[in-house]
Amino acid sequence: MDCEGCARKVKSVLSGVKGAKSVDVDLKQQKATVTGYVDAKKVLAAAQSTKKKVELWPYVPYTLVANPYVAQAYDKKAPPNHVRAVPVTATIAETTVDDRYTNMFSDENPNACSIM
């Protein structure tokens, strides 16, 4: 989106999506935000009809991510207070290894002394 005319065109097309309550267009970040009960695929299809480059915004507020500082979520290019949207399974694999070592040296483990 280069000008106000492009932004107006995108806003009018996205406002026509069923379930869209409001549409905000940010020219500086090249981003259009649609709020309401809408399907992401329908919004993408409507936005592609404007012949502009279209992709889902990859960043979410860091408060919505379980572990915002894992390697997959942290991104230097993200706007302030935002991280990459990562699936919850990305953090599960990292914590299972830590639990194994924690249990190995636990006082409640009867085999812990055999390591010494």
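Q: Lysine 51: buried or exposed?
A: Exposed, with a relative accessible area of 75%. Keep in mind that this is a predicted model.

Q: Why does 75% count as exposed for lysine 51?
A: Because the cut-off for exposed is over 50% relative accessible area, and lysine 51 has 75%.

Q: Where does lysine 51 lie?
A: Lysine 51 is in the loop between α2 (40–48) and β3 (59–61).

Q: What about phi of lysine 51?
A: Phi is near 65° there, a positive value in a residue other than glycine.

Q: And what is phi of glutamine 30?
A: Glutamine 30 has a positive phi of about 55°, and it is not a glycine. This residue sits in the loop between β1 (20–26) and β2 (31–36). Glutamine 30 is partly exposed, at 45% relative accessible area.

Q: Let's back up. How many helices and strands are in the chain?
A: Three helices and four strands. Along the sequence the pattern reads α-β-β-α-β-β-α.

Q: How much of the chain is buried?
A: Of the 116 residues, 21% are buried. The chain exposes about 9,000 Å². Carbon and sulfur atoms supply 55% of that area.

Q: What share of the contacts comes from residues 24 or more positions apart?
A: Among contacts with a separation of 6 or more, 28%.

Q: On to α2. Which of its residues are buried?
A: Val43, Ala46 and Ala47.

Q: How are the buried residues of α2 placed around the axis?
A: They fall within an arc of 100° seen down the axis of α2, so they line one face of the helix. The face turned away from that buried side carries the exposed residues Lys41 and Lys42.

Q: What covers the buried residues of α2?
A: The cover includes α1 and β2.

Q: Where does lysine 11 lie?
A: In helix α1, residues 4–15. Lysine 11 is partly exposed, with 40% relative accessibility.

Q: Which residues is lysine 11 in contact with?
A: Val23 and Val25, leaving aside neighbours within four places in sequence.

Q: How far apart are the C-alpha atoms of lysine 11 and alanine 47?
A: The separation is 9.2 Å, while the two residues are 36 residues apart along the chain. Alanine 47 is one of the buried residues of α2.

Q: How do the lining residues divide into nonpolar, polar and charged?
A: There are 18 nonpolar, five polar and five charged residues in the lining.

Q: Last one. Where does asparagine 81 lie?
A: In the loop between β3 and β4 (82–84). Asparagine 81 counts as exposed, at 55% relative accessibility.

Q: What does asparagine 81 touch?
A: Val60, Pro61 and Tyr62, not counting residues up to four places away in sequence. The C-alpha atoms of asparagine 81 and tyrosine 59 are separated by 9.6 Å. Along the chain those two are 22 residues apart.

Conventions
Residues numbered from 1 in each chain as written. Predicted model: local features only at pLDDT ≥ 70, side-chain atom pairs only at ≥ 80, totals over all residues. Heavy atoms only, no water. Helix = DSSP H or I, 4+ residues; strand = E, 2+ residues; numbered from the N terminus. Buried < 20%, exposed > 50% of the residue type's maximum accessible area, 1.4 Å probe, protein only. Contact = heavy atoms within 4.5 Å. Areas by Shrake-Rupley, 256 points an atom, 1.4 Å probe, with all protein chains shown as cover. Nonpolar A, V, L, I, M, F, W, Y, C, P; charged D, E, K, R; others polar. Arc of directions from axis to C-beta.
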